[in-house]
Amino acid sequence: MPRADLRSQFRRGFVDSLPFYLVVGPFGLIFGVIATEAGLNLVEVMGFSILVIAGASQLAALQLMSENAPTVIVLATALAVNMRMAMYSASLTPHIGKAPFWMRALAAYFLFDQPYALSMIDYEKEPERSAIEKITYFAGVGVPMSVVWYAATLAGALLGERIPGDIGLDFAVPITFLAVVAPMLKSLAHVAAAFTSVALVIVLGFMPYGSGLLVAALIALIVGAQVEIWTEKRKKGLVQ
Amino acid sequence: MTHPDVWTIIIGLGIGTYLIRLSFIGLVGDRDMPPWLLRMLRYTPVAILPGLVTPMLIGQGATELEPSRLAAAVVTVAVGLVTRNVFYAIIAGMGLFVILGALGV
């Protein structure tokens, strides 16, 4: 593999991810501020963002810790919030599974929402690339973004109480995810899966700490696959 | 923070989250997965991300849906569908949200 090709994959990943810095920066900043206000010291705040590197679960853990929940409950809840990443891991496997283990082990650390979502969009556009090229694109999204995540957390922790906790930035998170999903809705099966996901999350809203999302997502996967099978059969039926 | 186990939580959550992420890409690797599973996995992003976003839009308990947020969400999806471009969709959605906020809607 010529090095220049890999460099261009990495650069493309980085460029494609730039709009997401509008979200990751402020989100890291907010986590730093909230964690500091909750009484964590600088090393603990940075420990969260570097070792866990999953914003939603970090906020969930923080919330429960400030309610003095037992350690086991804090861990179980925050890990449940991250269980969706097992599905990300499964869906990336056909693309990067052939890369050497050390690369995959390294990639696992960077497997959060944005690198996953952007890579899936990119892999579907150009599926005929090697696992190494694909994992390099993934790294182009994930590695620089992680550095910004640490830096933003640090800035939030240092500025602490001088930044107001709620300045409407929370809305940037759902907007970017919607922006990622909309271009993916390219068949009836995709639309059906998305609607199933939304409807079931609302219906299962009573389930604790993100577990409703997992059930909703699993059923949505099945709905997507079944609708795909059904539309393929119908097409064949029309042709014959 | 007076929680006694801050570092147990940070390290436990860090290791647990890493193992969740490593699960399939680490263990399955380049072994073939059955076609029915691959077919389902193709829908992972559209099965998870909409559900992940829903509570952020309608709030816990589904009571207060601000018109400016709903409008910005609809515009984001519409622009994303038409242009098939993530960046344009973000700019359109965030732009509308900021403008509506400035107008006090």
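Modeller: Helices here are DSSP runs of H or I of at least four residues, strands are runs of E of at least two, and both are numbered from the N terminus. This is a predicted model: local features need pLDDT of at least 70, side-chain atom pairs count only at pLDDT 80 or more, and totals for chains, interfaces and linings use all residues. Residues are numbered from 1 along each chain as its sequence is written, with chains lettered from A and ligands numbered from 1 in the order in which they are written.

Colleague: What makes residues 213-231 of chain A a helical span?

Modeller: The span is 100% helix and 0% strand. Its end C-alpha atoms lie 26 Å apart. UniProt, in an unreviewed entry, lists residues 213-231 of chain A among its "transmembrane region" features. Such annotations may be inferred rather than shown by experiment, and their positions follow the numbering used here, with feature names shortened.

Colleague: And what about residues 46-65 of chain A?

Modeller: That stretch is 90% helix and 0% strand, with end C-alpha atoms 16 Å apart.

Colleague: How many helices and strands does chain A have?

Modeller: Chain A has twelve helices and zero strands.

Colleague: Why is H8(A) called mostly covered?

Modeller: A residue is buried if 20 or more other C-beta atoms lie within 10 Å of its own, exposed if 12 or fewer, and partly exposed in between; C-beta atoms are placed from the backbone. Ten of the 13 residues of H8(A) are buried. Among them are A:Tyr116, A:Leu118 and A:Asp122. The cover includes H6 of chain A and helix H3 (44-58) of chain B.

Colleague: How do you know that the radius of gyration of chain A agrees with a compact globule?

Modeller: The rule is 2.2 Å times the number of residues to the power 0.38, with the radius taken over C-alpha atoms. For 240 residues a compact globule would be near 18 Å; chain A has 20 Å, which agrees.

Notes. Contact = placed C-beta atoms within 7 Å.
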